[in-house]
Amino acid sequence: MKIVKRTHKKNTKALFIVVAITVLVAILLTVYIVGFRGSILGWSPFTQSSINDDATVYPSDDVENDKAEKGNSGSSQTTNQIPISPSLNIQIENLIQSDGYITFVGDTNDTSSLGKCSIIFTNPNDRPVVRNVEATKQAGSAACGPIKIPETEFSYIGGWHATFRYYSNNEQAVSEQEIVIK
């Protein structure tokens, strides 16, 4: 009787091809998620809910028509409908990029009440990045921040325009500054 030794070359080849394709798909998926952050098909694996910075995110493509609170009364108006106050002074105290975050701190001279703060970063090549928070009392006046925004929300590297708005008693104050995201 003759013993025939069979080799499993066909099975080994098929297994090798399946493993190679699986590894290639895993690499391409990783590059897509990390490199492009899913922006090619409009899917984003880094959702806003994973950010824990105590700020509310209001994504919008139409920054000028974003709803802003009407002072402390609770009714809504657009930013263009709220008058600019000659008596409210605000300034951007700190706007820096470090440790993976853009950190914003704003200051006001409002001693009568605590209003609402809004910081909007715009760039013609990307969607706006918006944060709205309640002002806090510091040194007898209202202050905004610190607000920390992850760098990953700024998908465009380069110049951005920061607009800081403070709303109080049906009035607003505006301060603007340019920032370069690196």
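Asn 123 is buried, with a relative accessible area of 8%. Buried here means under 20% relative accessible area, exposed is over 50%, and partly exposed is in between, using a 1.4 Å probe and protein chains only. I start with this residue, then work outward.

A word on the source. This is a predicted model: local features need pLDDT of at least 70, side-chain atom pairs count only at pLDDT 80 or more, and totals for chains, interfaces and linings use all residues. Residues are numbered from 1 along each chain as its sequence is written, and side-chain values use heavy atoms, with hydrogens and water left out.

Back to Asn 123. Asn 123 sits in strand S5. Strands are DSSP runs of E, at least two residues; helices are runs of H or I, at least four; both are numbered from the N terminus. What does the side chain of Asn 123 reach at 2.5 Å? The backbone oxygen of Gly 159. Set aside neighbours within four places in sequence, and Asn 123 is in contact with Tyr 156, Gly 159 and Trp 160. Contact means heavy atoms within 4.5 Å.

How many aromatic pairs does a search of the whole structure find? Three. Rings of Phe, Tyr and Trp (for Trp, the six-membered ring) pair if their centres lie within 6.5 Å; planes under 30 degrees apart are stacked, over 60 edge-to-face, the rest tilted. Take Phe 121 and Phe 154. Their ring centres are 5.3 Å apart and their planes at 80°, so this pair is edge-to-face. Phe 121 lies in strand S5 and Phe 154 in the loop between S8 and S9, so the pair ties together parts that are 33 residues apart in sequence. Next, Phe 154 and Trp 160. Here the centres are 4.9 Å apart and the planes at 85°, so this pair is edge-to-face too. Ring pairs link Phe 121, Phe 154 and Trp 160 into a cluster. Phe 121 is buried at 0% relative accessible area. Phe 154 is buried at 3%. Trp 160 is buried as well.

Now the core. The largest nonpolar core has 24 residues. Such a core is a set of buried Ala, Val, Leu, Ile, Met, Phe, Trp, Tyr and Cys residues joined through side-chain atoms within 4.5 Å. Those with the most contacts inside it are Leu 95, Phe 104, Phe 121, Phe 154, Phe 164 and Tyr 166. Several strands supply at least two residues each, among them S3 (90-98), S4 (101-108), S9 (158-168) and S10 (171-181). In soluble globular proteins, nonpolar side chains tend to be buried together.

On to the disulfide. The structure holds one. The rule is a pair of cysteine sulfur atoms within 2.5 Å. Cys 117 and Cys 144 form it, with their sulfur atoms 1.7 Å apart. The link is left-handed, at -65° about the S-S bond. Cys 117 is in strand S5 (residues 116-123) and Cys 144 in strand S8 (residues 141-150), so the pair ties together parts that are 27 residues apart in sequence. Cys 117 counts as buried at 2% relative accessibility, and Cys 144 at 0%.

Then charge. The count comes to two salt bridges. The rule: a side-chain nitrogen of Lys or Arg within 4 Å of a carboxyl oxygen of Asp or Glu. Lys 116 pairs with Glu 134, the closest N and O atoms being 2.5 Å apart. Lys 116 lies in strand S5 and Glu 134 in strand S6, so the pair ties together parts that are 18 residues apart in sequence. Arg 131 pairs with Glu 153, with closest N and O atoms 2.6 Å apart. That pair links strand S6 to the loop between S8 and S9, 22 residues apart. Buried or exposed? Lys 116 is buried at 19%, Arg 131 at 0% and Glu 153 at 5%.

Last, the whole chain. Of the 182 residues, 35% count as buried. Among contacts between residues at least 6 apart in sequence, 60% join residues at least 24 apart.

Methods:
Polar contact = N/O pair within 3.5 Å; in protein donor to acceptor, adjacent residues only side chain to side chain.
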